[in-house]
Every structure is written in structure tokens, then in C-alpha cells.
Amino acid sequence: MPRPIIELDKVTKKYDDQYAVDHLTLSIKKGEIFGLLGPNGAGKTTTILMLLGLSEPTSGRVRVDGIDSTRNPIEVKKEVGYLPDDLGFYQHMTGFENLMYTAALNGIPERIAKERAKDLLEKVNLLDVADKKTGKYSRGMRQRLGLADVLMKDPKVIILDEPTLGIDPEGVREFLQLIRRLNVEEHITVLLSSHHLHQVQQICDRVGIFVNGKLLAEGTTESLSKQLFLQDTYHIHVSASPLSEELVQKLEAIPNVNKVEIDQHSMNLYCKEDVSATISKVIVESGASLYGIRKKNYGLDEIYHRYFEGREADGNQ
Amino acid sequence: MEISKISSSVKRWFRTKEENETNTSKKNESVGNRVFFAIVRKEFADYLTSWRIIILLAIILLTCFGSLYTAVTTIKDAIEGSNDAEEIAKQSYLFLKLFTVSDGTLPSFVTFVGFLGPLLGIALGFDAINSERNRGTLSRLLSQPIPRDYVINGKFVAALLLNLVLFYALGLIFMALGILIIGIPPTFEEFFRILFFLLLIIVYIAFWLNLGILFSVVFRQAATSALSSIAIWLFFSVFYSMIIELISKPILSSSSITSVEQLINRQEFVLNLMRLSPNYLFSESTTTLLSPTVRSLGVLTVEQTTGAVAGPLPFGQSLLLIWPQITGLIAVTMICFTIAYILFMRQEIRAH
């Protein structure tokens, strides 16, 4: 098995007496899109800064591509592109000039840099405003320029901190597609932090839920829902009539069905396994007419919401 | 046989490895230099295109040419009265007077520079770091593979370079115009005195520049750091001498003094208090450099002066006289920069 490109081993960051990051262990494979999901102030940005060696962990080890971020931050920063959440550009310089400055800071020769800057500006669809001052750019344009800026150094990993903050939905869609394409075409590993669940869900291979400095759960969205909803992993919506008592009893008797909720002409069934085929068979055999049967997957939104609901209840106990 | 072969091949391998390592380290160094100068170049260009600096430069240029004009007219009037102008010029260090003389309508070059120089320094430094932070460019800058101190060093070097170019250009133009208008060339000594005077200006401005940079690291708001720097500048240029005067009155009052020695001691004490101000250090040094007739900066008794020939000091002696002042100025400059540097290196990157 190849070595993971990002390794965090029991990383802790303490500010005064508070843990910003609490014994975080995480590894991200090469070519993956990993979403770090959590509410504001969960320690996402702190974790990212430690990955880049911009902040020193109180204890633990951070490695990116086998290089220790704390001891050798410059080498790490050669491989990693970082798009901060409070991204800014030199407003009196054009987009192109801003990219060229980044290239100069990376020691890229001018001739190569010019070509690459043009390439990237085309890729992020900013070629027609390349010679405009960045002070006149819209938020969405700045974000796309930020992506181009991050790619100037030809990184192996890009880290995006709240990249979709404050962009309109169309802009978000474009931006996420762009990231997806980069991941597929150039095999760049992406670490993305966000509190926008839908967006993370759209493009991430794996997600980690990060609250109060701790990684509560990690995995694909499906496995997450399994981890968090041990009982009611599947939610099946059925519309049929007539909904007789007898039918409900029969449905409840199906193995793995935990609960049946009746709502006029439809039912919600919470099950442990996917038993929709059995359900439809039971309904049809009982003589009722089946109008529709729909399997609802748990989105991150629900995972997130349900999870916090559960936590609050725990806290109250 | 075998063993010696192996050992020699191992040796060779080690040697090539060593060579490779030195090569790569050299290469890294040159890349590092290139990156550093990329930062300096960008900051320098930023200064030259920022309205704030352009306006200040324009003011400095205007006032300097104004003072040149008044100095030249005063000197011309003085020369016209005598026959052997060149001889007089040499003896009285006329050329240096270009920088110090005025007819009362406009202050001299020295006064103007002593006044506007600190402002220029502050204007160059006060938003060096906090503006990058507020615009969100600092985190982007620091996520590039550069050592963190490149940022602050680059800004300092760029601002210093601007001062160097500005004041040497200005000083040389001043001299050239002086030669053209008065028609008397400077002696070598005068020339060196002027070059050194220009260097002194740069050191002095560097102090205010570093103070500005220090405040730009400490304060998050550019306005706060600008106002605090200006407050310190005002304090030293206006209030400090008043305060010292206030303190010195009881100290120097004749009723409490019993001996000459005591008087001298107290005078020296007050003088040393004054010397805590960088402005005073600067003015002491400039007067010594530009008027060779200044022979001492402390108190002299009649005993010490009897028998002394009242002639101008040679350049080396003038320099010796102000050596402590210059070292003092450089020291405060370094202290400011060091504090700023350390604070910046330890600061958290996040703005919030």
C-alpha cells in the first residue's frame, strides 16, 4: 500500500488551556478529495496551518509527502498549494501580475511562468480579465484567481480553506467542477474544509467530521451514515392505498424494519438494511395499490444535523 | 585487492555525493537570492507607484529646491562683495553652506530633511505588515516556499533602497546645481563631508522606518500604527526639548551650584538627557559634519580652550567627534528592527 500523502499523527494544538486540535490522527491518500467538515471554530484552519508548517503543533507529528511540516516547512510549501479563507490579492496589480509574483516567489523562471499563468488563467476562465486590476474583480473571480495562484507552483496537494464562502450558487458549481477536473486530470490531492455540507458531499471522496478539535467520524458519506445511524440507515418512503392496519402490521414484521410512520396516504419506513423490494412485494400481495416507493439516502446535512441533535441530547443527560 | 577496490569505490561515491550536496546547496542559495530580490523589486515598485510616497517625494523635492534657491542667493550676495571669491570659499567651507544657510524666508536643506525625513520613514514603514494582513495577502505570501523573514527583510531593504537612491540623487543634484550657479567647485573634503552627511540622513530615516515597521507588526490597524509613529515623532521633535528644559532649570539654577566641576557635571547630565532623543543626535551630527568649525559637542572650560588654535577640524576629526552619535543612531535602528523581526517571526498568521 502506498504511503498516504498527508499524515497527521496524534497532533495537538493548545491555545492557553484550550485544545484547538485534540490528538488528531488522520491520513489522506494520494489522489483523494477529502472534505474536512465542521462548524466554525472547530479547528479546521488550525489543522491546515499546521499542515503547512505555519503553526507549530503542541505535540504530535505532521507529515506531507513524507516531509515533516514542522521541521521543514519550506520543502512542504513547495509541494502544497494553500488557498486561505481570507484570500486577498495585491489590488493595484493585475491578475496576471499577481500570478507572476507568486511564480517569482517560487523561483519559477519567467518564461515558464508566463506560459503557465496564461494556461491557468484560461483554465479558470479569467483570460479576458487577466490585465484588469484585481481590485475590480468580483468575489467569485478572486476565488478562481486564487485557485490559479495555488496551481502556479504545480503542487501535489492543494488545501482549500472554505473555498466556496460568499460565492453565488452558479459560481460554487463551477468552482467545484473545476476542482473535480483538476483532481481527475492532474491527479492532485485535494483537502477541502467547509461547513457547507451539500458542496462537500458533491465532490468529496471521503469526509471527516471535525468538532471541537476532534475528528468524530470519517469515511465516505454512506459509511458515515452507517457509523452515525447504527439503527436506521435506510429511510424508505412509500405511497400506497389503502393503508390498512393489517398491511402496516405485515410491514412491521419484515425483518430489519425498525419503525413505520403513517402519514395519510404515505408511509415512512426506517430500516437497517435495504428492504425496498420486500416491502413492495408485501404491499402488492396484500392487494393494495402501490403508487410509489422511494429510497431516501441520508445526506450529509441530515447526518450533520442528526449527529448534533444526538450530541446535545447526550450533553443534557 | 578486493577490499582496496571496494574502499576506493566507496570513497569515490562519498566524494561525488559531497560534491552533489555542495552543488545543490549553492543552487538553493542562488534561488533564494533571486526570490528575495523578487520581493524587494515588487516592494520597491509598490512604493514608487503609491500616491502617499509620490506626494511626500514631491514635497521633499519642492522644499529642497526652495532651500537651494535661498541658499544660493544668500551665498551669491556674500561673494559679490569680495574680490578673491574662490579663496574665501575654500576657507569658509562655502560649499557646505549650501546645505545649512538660509536667508530666513525658507529653512535650510538640513532643517527640511530633519523635519520631513522622519515623516518619509514613517510613511514607508507604518503599514508594511498590517496592510498585508488586512488585505489577506500575508497568508498567501507565507504559504509560498520562502522563509518568513524574507517578507520583513524585503520590505526593509526596499524602503532603504528608495531612501538611498532618493537622497544620493538629491544630494548630487544639489551639488551640481551649486557648482553651476555659484561657480565654485567643492574641495575633496567638502565632497566627502556631503557624502557622509547623506549617509547620516539615511541612517536617521532608517530609524523612523524601523519604528514604523515595528508598529505595523504590533498594531493590526494601519491607522493606529501611523498615529503612534507620528506621536513619537512629534514627541521627540517638539515636546522632548521642552521637557528637558523644564527639568534642567532647577538642576542648572545658580543657587544650588557650588563649584565649577559641579556645573560642568550638571551641564553634561542635561546634555546627555537631550541625547536620548534621536532628533538631537541627528542635529548634533549634521552640524558637526557640515560646519567644520564646530570643535566640540560638550562643555569646554576656559582652561581647555586656552592655547587651542581656533581653526576648522579636519574631516577625520569631525567624524571622530560624532562617532558615538552615529553608533547610537544605528543601535536604536537595529533595536527597533530586531524587536519587529522577533515579533513578526513569532506572530500567529491568522488575522482573527
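## Stop one: the largest pocket

Start with α1 of chain B, which gives the most to the lining of the largest pocket, with seven residues. Keep in mind that this is a predicted model.

About 530 Å³ of space lies in the pocket. To find the middle, select A:Met100, A:Tyr101, A:Ala104, B:Ala38 and B:Arg41: of the 21 lining residues, these are the closest to the pocket's centre.

## Stop two: α3 of chain A

Stay on α3(A). Is this helix largely enclosed or largely open? Nine of its eleven residues are buried, so the rest of the structure largely encloses it. Among the buried ones are A:Phe96, A:Leu99, A:Met100 and A:Tyr101. Step just past the helix to A:Gly107, which takes a positive phi of about 70°.

## Stop three: two helices in chain B

Hide the rest and show α5 (109–125) and α9 (188–218) of chain B. They pack at an angle of about 35°, with their axes 7 Å apart, and α5(B) passes α9(B) in a right-handed crossing. Who makes the contact? On α5(B), pick out B:Gly114, B:Gly117 and B:Gly121, among others; on α9(B), the residues include B:Phe197, B:Tyr204 and B:Trp208. Colour this contact by type too: 13 nonpolar, six polar and no charged residues.

Note on methods
Residues numbered from 1 in each chain as written. Chains lettered and ligands numbered in written order. Predicted model: local features only at pLDDT ≥ 70, side-chain atom pairs only at ≥ 80, totals over all residues. Heavy atoms only, no water. Axes fitted to C-alpha atoms, helices over the stretch in contact; angles between N-to-C directions. Helix = DSSP H or I, 4+ residues; strand = E, 2+ residues; numbered from the N terminus. Left-handed = near helix turned anticlockwise from the far one by under 90°. Contact = heavy atoms within 4.5 Å. Nonpolar A, V, L, I, M, F, W, Y, C, P; charged D, E, K, R; others polar. 1 Å grid on protein atoms, 1.4 Å probe; cavity = no way out; pocket = protein on both sides within 12 Å on 5 of 7 lines; lining within 4 Å. Points joined across faces, edges and corners; volume = space filled by probe spheres on them. Buried < 20%, exposed > 50% of the residue type's maximum accessible area, 1.4 Å probe, protein only.
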